[in-house]
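Please read the following report alongside the sequence and the model. It covers a sheet and a pair of helices.

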Amino acid sequence: MPDPIPSDRLVLHGSFTSSSTYKPMLFLALAGLPFSFRTVNLKNGVQKQPAHLAINRYGQVPVLRHRGLTLVMSNVILDYLARTTGKFEADGEQDRIHAREWLAWENDAITNVARVRHFARFRPDVSQEIVNYFRPGAEAALDFIDKSLAGRQWLVGEHCTIADLGCFGRLVFMAEGGMSLDNRPHAAAWRERIMAMPGFALPYDLIPKKDAEFD
Ligand SMILES: N[C@@H](CCC(=O)N[C@@H](CS)C(=O)NCC(=O)O)C(=O)O
């Protein structure tokens, strides 16, 4: 059985090696919101055990629990956090739609960056051909982000939104897959802007390896 769902306290279940966890955690850190973190040990397969499957049928992280709700899928969580807190939400209906469009694209395209990193970092047993298969899509996604940011500060509108946090959060581990923003000046400047925001931290500094309270 899952733990009882707390009422108002945000509870995020995740892992320190997970870009999908980092995305909502970065939102919470930058928004300065109090929350509880519950660690899920992916290496030990805790995500496939009944207690976790009861809150995430896909056997993955992250999971957010709040006010009797259980949310999975990092972009669904970002959408919820933006709608319920008003933070990192776009201005106007058209831009709100654009922000979700970027999140849908992220899940199609930047996921290739996460796949390259996953196989390069965690699966020395698989053939290099698998990494090579995903790499062109990953590099194309990074090029697309770079091109889209030419002449603008943020992906949508005039301030940082869930579009930026979702895309940045998914590509954050790219160096572990041998990718970089070198020769992608617009994306590199965008990353600097995100990293300059109060409360920012990179995943290994932000996501604890143990359960923790953030107040
Ligand atoms: N589309 C999902 C992807 C979730 C996902 O791939 N989570 C990974 C960690 S980043 C995971 O739980 N892997 C462990 C497993 O699949 O067993 C999301 O955005 O939340």
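## Terms and model

Two residues are in contact if their C-beta atoms, placed from the backbone, lie within 7 Å. Helices (H or I, at least four residues) and strands (E, at least two) are DSSP runs numbered from the N terminus.

This is a predicted model, in which local features need pLDDT of at least 70 and side-chain atom pairs count only at pLDDT 80 or more, while totals for chains, interfaces and linings use all residues. Residue numbers start from 1 along each chain as its sequence is written.

## The helix pair

In α4, Ala 99, Trp 102, Leu 103 and Glu 106 meet Ile 162, Ala 163, Gly 166, Cys 167 and Arg 170 of α7. By class, this contact of α4 with α7 has 6 nonpolar, 1 polar and 2 charged residues (Ala, Val, Leu, Ile, Met, Phe, Trp, Tyr, Cys and Pro count as nonpolar, Asp, Glu, Lys and Arg as charged, and the others, Gly among them, as polar).

Helix α4 (residues 93–109) packs with helix α7 (residues 162–171) at an angle of about 15 degrees, their axes being 8 Å apart. Axes are lines fitted to C-alpha atoms, for helices over the stretch in contact, and angles run from 0 to 180 degrees between N-to-C directions. The two helices α4 and α7 are therefore roughly parallel to each other (angles under 35 degrees).

## The sheet

Five strands form an open sheet with mixed pairing, in the order β4-β3-β1-β2-β5; strands pair if DSSP finds at least two bridges between them. Because β4 (69–72) and β5 (212–214) stand at the edges with a single partner strand each, one side of each is left without a neighbour in the sheet.

Strand β1 (residues 10–14) runs antiparallel to β3 (residues 63–66), joined to that strand by 3 bridges. His 13 is opposite Val 63 in β3.

Key: Angles under 35 degrees count as roughly parallel, over 145 as roughly antiparallel, 65 to 115 as roughly perpendicular and the rest as oblique.
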